[in-house]
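This report describes a single protein model. The sequence and coordinates come first, and the notes follow.

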Amino acid sequence: PKRPLHLIGMSLGGNHLVRYLINNQNSQLLSNLKSLSLVSPPFDLKHVLYNMNPYYQRFFVKFYIK
């Protein structure tokens, strides 16, 4: 539990990681956070989700649009 924590988020995972960090700022886990890397996180999430392939859209819209 005392080891340094390094997080990497890619694409929608990067967006999800940022939202997690914002909503859990007081978490004991984050006291060990040493670095955060985000690779191509979408800034306009609704635009990305509404314009993606319908197959993936059904999965992601349930979790991200709410």
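## Model and confidence

The model is predicted; local features need pLDDT of at least 70, side-chain atom pairs count only at pLDDT 80 or more, and totals for chains, interfaces and linings use all residues. Residues are numbered from 1 along each chain as its sequence is written, and side-chain values use heavy atoms, with hydrogens and water left out.

The mean pLDDT (the predictor's confidence in each residue, from 0 to 100) is 84 for the protein, and 89% of the residues score at least 70. Confidence is highest in β2, at 94, and lowest in helix α3 (residues 54-64), where the mean is 74.

## Fold

The protein has three helices and two strands, in the order β-α-β-α-α from the N terminus. These elements are DSSP runs numbered from the N terminus: helices are H or I with at least four residues, strands E with at least two.

Strand β1 (residues 5-10) pairs with strand β2 (residues 33-39) in the parallel sense, over six bridges; pairing requires that DSSP finds at least two bridges between the strands. With helix α1 (residues 12-23), β1 and β2 make a right-handed β-α-β unit. Right-handed here means that, with the strands pointing away from the viewer, the path from the first strand over the helix to the second runs clockwise.

## Two loop serines

Ser-11 lies in the loop between β1 and α1. Its phi is near 55°, a positive value in a residue other than glycine. Ser-40, in the loop between β2 and α2 (45-50), also is not a glycine and has a positive phi of about 55°.

Ser-11 is partly exposed, at 39% relative accessible area, whereas Ser-40 is exposed, at 59%. The classes are buried under 20%, exposed over 50% and partly exposed in between, with a 1.4 Å probe and protein chains only.

## Surface and burial

Of the 66 residues in the protein, 24% are buried. A nonpolar surface patch is formed by Ile-8, Met-10 and Val-39, with about 320 Å² of accessible area together. Patch residues have over 30% relative accessible area and no salt bridge; like charges are joined within 9 Å, nonpolar side chains (Val, Leu, Ile, Met, Phe, Trp, Tyr) within 5 Å. A salt bridge is a side-chain nitrogen of Lys or Arg within 4 Å of a carboxyl oxygen of Asp or Glu. Areas come from the Shrake-Rupley method with a 1.4 Å probe; for residues, only the protein chains shown count as cover.

Met-10 belongs to strand β1 and is exposed, with a relative accessible area of 56%.
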